[in-house]
Amino acid sequence: MLIFEQIYCIILQSVKKGLILLKKPRREIADFYKKIFSNAIFKNKIQEKAKKVVTKKDLRKLIREEIMPLMKKENLNYSEEDLLKKKL
């Protein structure tokens, strides 16, 4: 399982169990990941590129080049740092 899917699964499970209440930014990000991973084209594209991620620098590049443009299309305006933070 890829890092984005792992993050999404952990957040989703925690929310369902009532362990965490997501603030608006985190909820929007979780919903965004759910949406892109439900689209087979986006999911496959990101998975292929994510397989090449080895370092944090690679992860940042993936976020900048693949994730952030998709977020902008959804009118979400979060920075690379927001996506890497554990809490917002």
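Visitor: Why is lysine 49 called partly exposed?
Guide: This is a predicted model, and in it lysine 49 has a relative accessible area of 36%. Buried means under 20% and exposed means over 50%. The value of 36% falls in between, so lysine 49 is partly exposed.

Visitor: What makes the contact of glutamate 66 and lysine 49 a salt bridge?
Guide: Their side chains meet at 2.7 Å, N to O. The cut-off is within 4 Å, for a Lys or Arg nitrogen and an Asp or Glu carboxyl oxygen. The value of 2.7 Å meets that cut-off, so the pair is a salt bridge. The pair links distant parts of the chain. Glutamate 66 is in helix H4 and lysine 49 is in helix H3, 17 residues apart.

Visitor: Which salt bridge joins glutamate 66 and lysine 45, and how do you know that it counts?
Guide: The two side chains meet at 3.5 Å, N to O. Salt bridges need a distance within 4 Å, so 3.5 Å counts. Here, too, distant parts of the chain are linked: glutamate 66 in helix H4 and lysine 45 in helix H3, 21 residues apart.

Visitor: Is glutamate 66 buried or exposed, and why?
Guide: Its relative accessibility is 10%. Buried means under 20%, so glutamate 66 counts as buried.

Visitor: What makes lysine 45 partly exposed?
Guide: Lysine 45 has 44% relative accessibility. That lies between the limits of 20% and 50%, so lysine 45 counts as partly exposed.

Visitor: How do you know that the buried residues of H3 line one face of the helix?
Guide: Helix H3 covers residues 40-50, and Ile46, Gln47 and Ala50 are buried there. Seen down the axis of H3, the buried residues fall within an arc of 105°, so they line one face.

Visitor: What lies at the start of H3?
Guide: A side-chain oxygen of asparagine 39 comes to within 2.9 Å of the backbone nitrogen of isoleucine 41.

Visitor: What makes arginine 64 and glutamate 80 a salt bridge?
Guide: Their side chains meet at 3.2 Å, N to O. The limit is within 4 Å, so the pair qualifies. Arginine 64 is in helix H4 and glutamate 80 is in helix H5 (residues 80-84), 16 residues apart.

Visitor: Why is glutamate 80 called buried?
Guide: Glutamate 80 has 14% relative accessibility. Under 20% means buried, so glutamate 80 counts as buried. Salt bridges that share partners join Arg60, Arg64, Glu80 and Glu81 into one network.

Visitor: How many salt bridges does a search of the whole structure find?
Guide: The search finds 7.

Visitor: What is the pattern of the chain, read along the sequence?
Guide: The pattern is α-α-α-α-α. The chain has 5 helices and 0 strands. Buried residues make up 34% of its 88 residues.

Visitor: Where is confidence lowest, and where is it highest?
Guide: Confidence is lowest in helix H1 (residues 3-16), at a mean of 64. It is highest in helix H4 (residues 56-73), at 88. The chain has a mean pLDDT of 77, and 69% of its residues reach 70 or more. Where pLDDT is low, predicted coordinates should not be read in detail.

Definitions and conventions:
Residues numbered from 1 in each chain as written. Predicted model: local features only at pLDDT ≥ 70, side-chain atom pairs only at ≥ 80, totals over all residues. Heavy atoms only, no water. Buried < 20%, exposed > 50% of the residue type's maximum accessible area, 1.4 Å probe, protein only. Helix = DSSP H or I, 4+ residues; strand = E, 2+ residues; numbered from the N terminus. Arc of directions from axis to C-beta. Polar contact = N/O pair within 3.5 Å; in protein donor to acceptor, adjacent residues only side chain to side chain. pLDDT = per-residue confidence, 0-100.
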